[in-house]
Amino acid sequence: MKILTVFTGGTIGSVNSGGVIAPKKSARYRLIDLYSQIDCETELAAIQPYNILSENLSGERLAELFSCIKSSNFEQYDGVIVTHGTDTLQYASAFLSYAFGLCRVPIVMVSANFPLDDRRSNGLNNFIAAVDFIKAGASRGVFAAYQNRGETPKIHRASRLLPHASYSDSLHSVFDCFYGEIIDGRLRLNSNYSEREDEIFLDPLQIADENFKVLKINSYVGMTFPKLSKSIKAVLLEGYHSGTLNTSGMELKSFCRSARELNIPVYLTGSCEGFNYESKCAFDSLGIRPLPPASPIAMYVKLCLLKKRRN
């Protein structure tokens, strides 16, 4: 079994020195050393395109990650594990999902809630789960392996990850519909899971900008909207949990009117069919286009990539 491990930094690649958590190049070998004490037969090759805290992720870094994996001849391996920070795990996961689609060699995202030397860390368990998943040899595409507290390690389709809730390190998929779970080292598939291909053909040069120029706005009571400019390619609104927006307020009406005047499309994520509140009846007149149920972050990433591809 040969696995390519791609280190990018994040908490799983950091150390706590004097109360400050920061990436350290040598930390990547700590993970390999810890796993090798459990399994000395699996061969782990290592590359590191960059070493950052994941909150510093940008389009340029994503392009670098894509190019690094693409040029590594990764199909000679049984699987690829990408270690990544949790703050922007969902963004990188969705990006790689759309970039590689249902690739023959599984790519698995692995992160940690605490640095590896912290006894509370789930980093090693997540890495073990990723290796066990790859060993199962039953799946194609991009995934994430993560163990919430008190649970078995779950395998998620990477494009379906929801953002972490504030003050929580738990990771969940849309509708809590994970791909499978690792029990006693074996993969058990979730019978309620279904999927379709996610690949978008990319030129890494098209995504090398630091700013995607897609405006993402979350809903909150008493919200104000920013002024739009021609540099904005699209707007993605994230509604309340019922997929609703304050469609009676002048703020949204004025914002949507400005978007129409500048020919900027406005999309809505987080909305499901079957919850037909009165406020939703105004979406058409405001020019708001609801998207199918999906991870809001994944919809943002896909919109960024589609707009880049279109232009």
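The legends below describe close-up views of a predicted model. Residues are numbered from 1 along each chain as its sequence is written, and local features need pLDDT of at least 70, side-chain atom pairs count only at pLDDT 80 or more, and totals for chains, interfaces and linings use all residues. Side-chain values rest on heavy atoms, with hydrogens and water left out.

**View 1. An open sheet of eight strands.** The strands follow the order β4-β1-β5-β6-β7-β8-β9-β10, and their pairing is mixed. Helices (H or I, at least four residues) and strands (E, at least two) are DSSP runs, numbered from the N terminus; two strands pair if DSSP finds at least two bridges between them. Strands of a sheet pair through backbone hydrogen bonds, either parallel or antiparallel. At the edges stand β4 (43–47) and β10 (186–189), each of which pairs on one side only. On average, neighbouring strands of this sheet are turned by 25 degrees against each other, direction ignored. Within the sheet, β5 (residues 79–83) and β6 (residues 107–110) run parallel and are joined by four bridges. Thr83 has Val110 in β6 as its bridge partner.

**View 2. Helices α1 and α4 against the strands.** Helix α1 (residues 27–36) lies across β1 (2–7), β4 and β5, and runs at about 175 degrees to β4. Axes are lines fitted to C-alpha atoms, for helices over the stretch in contact, and angles run from 0 to 180 degrees between N-to-C directions; contact means heavy atoms within 4.5 Å. Helix α4 (residues 123–136) runs at about 170 degrees to β6. The strands that α4 lies across include β7 (142–146), β8 (154–157) and β9 (180–183).

**View 3. The buried face of α1.** Ala27, Arg28, Leu31, Ile32, Leu34 and Tyr35 of α1 are buried, where buried means under 20% relative accessible area, exposed over 50%, and partly exposed in between (1.4 Å probe, protein chains only). Seen down the axis of α1, its buried residues fall within an arc of 160 degrees, so they line one face of the helix; the arc is that of the directions from the helix axis to the C-beta atoms. The buried residues of α1 pack against β1, β2 (14–17), β4, β5 and α4.

**View 4. The largest nonpolar core.** A nonpolar core is a set of buried Ala, Val, Leu, Ile, Met, Phe, Trp, Tyr and Cys residues joined through side-chain atoms within 4.5 Å. Of the 45 residues in this core, Ile69, Val80, Val82, Leu96, Phe100, Ile107 and Val301 touch the most other members. Elements that each supply at least two residues include α2 (59–70), α3 (89–100), β12 (234–238) and α7 (296–310). Leaving aside neighbours within four places in sequence, Val82 is in contact with residues including Val6, Leu65, Ile69 and Met109.

**View 5. Positive phi at Tyr167 and Asp184.** Tyr167, in the loop between β8 and β9, has a phi near 65 degrees and counts as exposed at 88% relative accessibility. Asp184, in the loop between β9 and β10, has a positive phi of about 50 degrees although it is not a glycine. Asp184 is exposed, with a relative accessible area of 78%.
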